[in-house]
Amino acid sequence: MTGLGGARAVARCDALGVSPYSDMADGLYRAYLTPAYTAAQEKIAGWMEAAGMAAYRDAAANLVGRYEGSDPGAPALVIGSHLDSVRDGGRYDGPLGIMLGIECVAALHAQGRRMPFAIEIYAFGDEEGSRFPAAMLTSRAVAGTLEVSALDMADAEGVTLEQALSSVCGGGIAEYLTAAREPGSIEAYLEAHIEQGPVLEADGLAVGTVTGIAAQLRYAVTVKGMAGHAGTTAMRLRRDPLAGAAAMVLAVEQIARGDNSDVVATVGVIEAMPGAPNVIPGAVHFTIDVRSGKEERRDCVAEAILARLSEIAEARDLEISVERVHDLPASPCDADLMDLMDEALIGAGQPVRRLVSGAGHDAMNMAVLCPTAMLFIRCKGGVSHNPAEHVEPEDVEIALQVMLGFIERLGTRAGDRNAA
Ligand code: HGY
Ligand code: MN
Ligand code: MN
């Protein structure tokens, strides 16, 4: 299979980038538990079975493929990434890691080989949080870190997670948390992912070993003022929450930029209600996403931002409420697995290059369960969360060879441990 797996992985991501595997007509939006999501699962399940795996949905409606190892009781190697996308996203953010996992198993299956451990491919259903308010629901369910209270939510159309889940797999929300894996049942978690940044391209490298994932905080902010008639309300009499929110958005940018560190802060969603050209809004909702490789930097900047927002609200006679939607700590990759990845890079004729991830990944949740490793793949211009996202099949083939080398070394390590 050498030489073809990388190209096939890219072609399969492309095939999944259009209807019926997208919830939007022109472009890619595949949300958790939608018709596009289940259509994509059915397609991928066929590819998993063709690679010698048994495919099934777990209680959180993740698609899982399992390729047995020589020792049925041994902790499994899990290879995964996410199947959902952002709105109008790229084709490779998530699915590429799933397809590469399938290609690794297909290569072993073609050679009739079994590793000392089973290999399980997880296509996580909700990493982006693009449908429901919280993100990374399904890898948190597998990691066992999801609180049952977190399941009580609805999407923008008012469809609850419970309704969406039962529409897809008939499963009940009560069983959702049974998707959790037993600690000790997983040898390691491996995720290959596009870098979504400029480092590998700038260094002329196809792949790199990830050292860890930045810590992230996400907030939902509501600012309330006084709705009014755009034509009859004098400027001095207004309590305009959208004008207030505009000052707040600029403050988010100024404070993060002023920290002169790796901290990044983003307002990605903003909505004015009732949202009419001739109405001064009554309320505004917006989100804030704050990240850094160091939690203390992240927290310090987040605190400064929230304090500034309160000052702006007070100065403009507005009400403000802030809800913390999620708090994901920084997640270092496992030192031993990084060494194995470096050896696999060398084995595949690639220079060793380590880099941190500013983007969040399911690996940060799986780190609660087991040691994690990530492999980054160069993407054009570092562009992601954008239809222009692009990878070269040759780089993906290199990633496949590195992953196979990593799996071999992990198998040798497991064999040596069992023999000891
Ligand atoms: O937000 C992130 O970093 C990831 O793409 N979900
Ligand atoms: Mn991703
Ligand atoms: Mn993403």
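A nitrogen atom of ligand 1 sits 2.9 Å from an N or O atom in the side chain of Glu128, a polar contact (a pair of N or O atoms within 3.5 Å). Welcome to a predicted model, in which local features need pLDDT of at least 70, side-chain atom pairs count only at pLDDT 80 or more, and totals for chains, interfaces and linings use all residues. Residues are numbered from 1 along each chain as its sequence is written, ligands are numbered from 1 in the order in which they are written, and side-chain values use heavy atoms, leaving out hydrogens and water.

**Around ligand 1**

- Glu127 also takes part, with a polar side-chain atom 2.9 Å from a nitrogen atom of ligand 1.
- On the oxygen side, an N or O atom in the side chain of His385 is 3.1 Å from an oxygen atom of ligand 1.
- Of the 220 Å² of accessible area that ligand 1 has on its own, the protein covers 93% (Shrake-Rupley method, 1.4 Å probe).
- The residues around ligand 1 (a heavy atom within 4 Å) are Glu127, Glu128, Arg291, Ala359, Gly360 and His385.
- By class, this shell has 3 charged, 2 polar and 1 nonpolar residues, with Gly counted as polar.

**The second largest pocket**

- Its volume is about 150 Å³; a pocket is an open set of points on a 1 Å grid where a 1.4 Å probe fits, with protein on both sides within 12 Å along at least five of seven lines.
- Lining residues (an atom within 4 Å of a point) include Arg140, Thr145, Asp327, Met364 and Val368.
- Strand 13 (319-328), strand 14 (331-332) and helix 10 (363-366) each give two or more residues to this lining; helices (H or I, at least four residues) and strands (E, at least two) are DSSP runs.
- The lining has 7 nonpolar, 3 polar and 2 charged residues.

Conventions:
Points joined across faces, edges and corners; volume = space filled by probe spheres on them. Polar contact = N/O pair within 3.5 Å; in protein donor to acceptor, adjacent residues only side chain to side chain.
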